[in-house]
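The sequence and structure come first.

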Amino acid sequence: MAVSSPWALELLLAAFAGGVFGAAVGALQSFALAGLVVVVGELYAMAVETVGGTPVVDVTGSIAFGPVLGPHVAFAGGAGAVAYAARKGYLDGDFDYHGAKNVTTGLGSRPDVLAVGGAFGVVGHLVAAGSGALAVPVDPVALGVVGSALAHRLALGYSVVGARPGRLLDMSQFEARAATDGGVGAVENGDHTVEPWLPYQYRWGHVAALGVAMGALGGYVAYVTASPFLAFGISVVALAFLCAGVADIPVTHHMTLPASTAALGLVDAPAAELTPTLVQKSLALGPVVLVGVVFGLVGALAGEVLQRVFYAHAETHLDPPAASIVVTSLLLGVLSIVGVFPSAVWVPTPV
């Protein structure tokens with residue numbers, strides 16, 4: 001019998017297992033796998049639609065964004081578990097930042113660590129399910145990632161932001177270190193530690209340029225495929241190289257996702273009815289790319305603001321891209337509600 005309620009015991013157990021998986025293999029590794037499943041799922045859906053059928057399984061929704069690999073479950077569980085492992089002194093300390101931020105480390109099979117990962121996976125699932133049930137106009141998955149991260153900070157005794165209000169955006173101490181030794185490692189500035197989320201991706205001009213380019217790509221992919229998630233999936237798959245230790249890999253999924261969504265939001269049709277033919281009949285490529293650029297830029301800059309507020313001065317990983325997607329999805333939802341965009345595509349909106 002199919003499970004219909006997000007509160008069903010079966011789904012809660014699945015979310016616990018998903019959080020355990022994220023803790024065992026590592027939060028970022030689980031997210032890269034989710035990106036791969038998004039790409040496969042979107043291509044599968046397009047292939048089935050091409051021959052006139054309906055997908056038998058919503059691979060993207062039920063697996064990549066569900067209790068198996070959903071970032072609100074697996075990534076959130078992994079982030080909570082590594083914060084716990086750092087608090088317990090289980091980590092080896094071979095990491096430039098606070099060990100609780102090391103979301104690329106797998107945590108193996110220690111039962112207490114896995115149980116904590118499972119618990120915070122359930123928290124992420126409940127936040128996302130509650131948001132969706134209330135039709136809050138925001139991405140439930142991204143909200144689940146952020147909600148679970150705030151929960152693990154509070155539950156495990158970490159600071160929520162880590163800096164006084166006047167210093168939340170301050171990167172100057174890190175920049176001073178970068179000028180002398182390449183910026184390796186954290187920088188103590190007296191009362192907190194400055195640890196930019198990505199030392200090679202925090203300068204405003206660099207972030208803005210990346211947002212413009214990735215926004216254009218996100219809009220183009222949506223125009224060609226009618227998929228709001230394919231460009232996002234491609235961005236996330238690239239994180240596998242980051243997991244493998246390749247230097248300076250940019251993180252861009254919080255740019256491509258709002259860009260693709262905004263592009264398709266220009267079409268006056270329900271998301272389930274979007275096809276490449278309909279999109280290309282309804283829109284010209286130029287405006288689509290332009291809208292993609294705008295929302296890619298907003299996503300990029302929002303991510304940078306939020307990493308400075310919630311990541312750089314704190315001790316654990318609160319994901320800046322997820323926080324950015326909360327902001328951009330809320331913006332898209334509100335613009336749809338007030339009639340600026342004909343559709344919010346996948347963003348929940350009140351009936």
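The sections below describe the basis of the model, its aromatic pairs and the charges over rings.

## Basis

The model is predicted: local features need pLDDT of at least 70, side-chain atom pairs count only at pLDDT 80 or more, and totals for chains, interfaces and linings use all residues. Residues are numbered from 1 along each chain as its sequence is written, and side-chain values use heavy atoms, without hydrogens and water.

## Aromatic pairs

Rings of Phe, Tyr and Trp (its six-membered ring) pair if their centres lie within 6.5 Å; planes under 30 degrees apart are stacked, over 60 edge-to-face and the rest tilted. The count comes to nine aromatic pairs. Phe95 and Tyr97 form an edge-to-face pair, 6.2 Å centre to centre with 75° between the planes. Phe95 is partly exposed at a relative accessible area of 30%, and Tyr97 is buried at 11% (buried is under 20%, exposed over 50%, partly exposed in between, with a 1.4 Å probe and protein chains only).

The ring centres of Phe229 and Trp346 are 5.7 Å apart and the planes lie at 45°, so this pair is tilted. Phe229 and Trp346 are 117 residues apart and link distant parts of the chain. Phe229 is buried, with a relative accessible area of 15%. One aromatic cluster is formed by Phe31, Phe65, Phe75, Phe229, Phe232 and Trp346.

## Charges over rings

A charge sits over a ring if NZ of Lys or CZ of Arg is within 6 Å of the ring centre and within 35 degrees of the ring normal. Lys101 lies over the face of Tyr311, 4.1 Å from the ring centre. Arg110 lies over the face of Tyr90, at 3.6 Å from the ring centre.

Notes
Helices (H or I, at least four residues) and strands (E, at least two) are DSSP runs, numbered from the N terminus.
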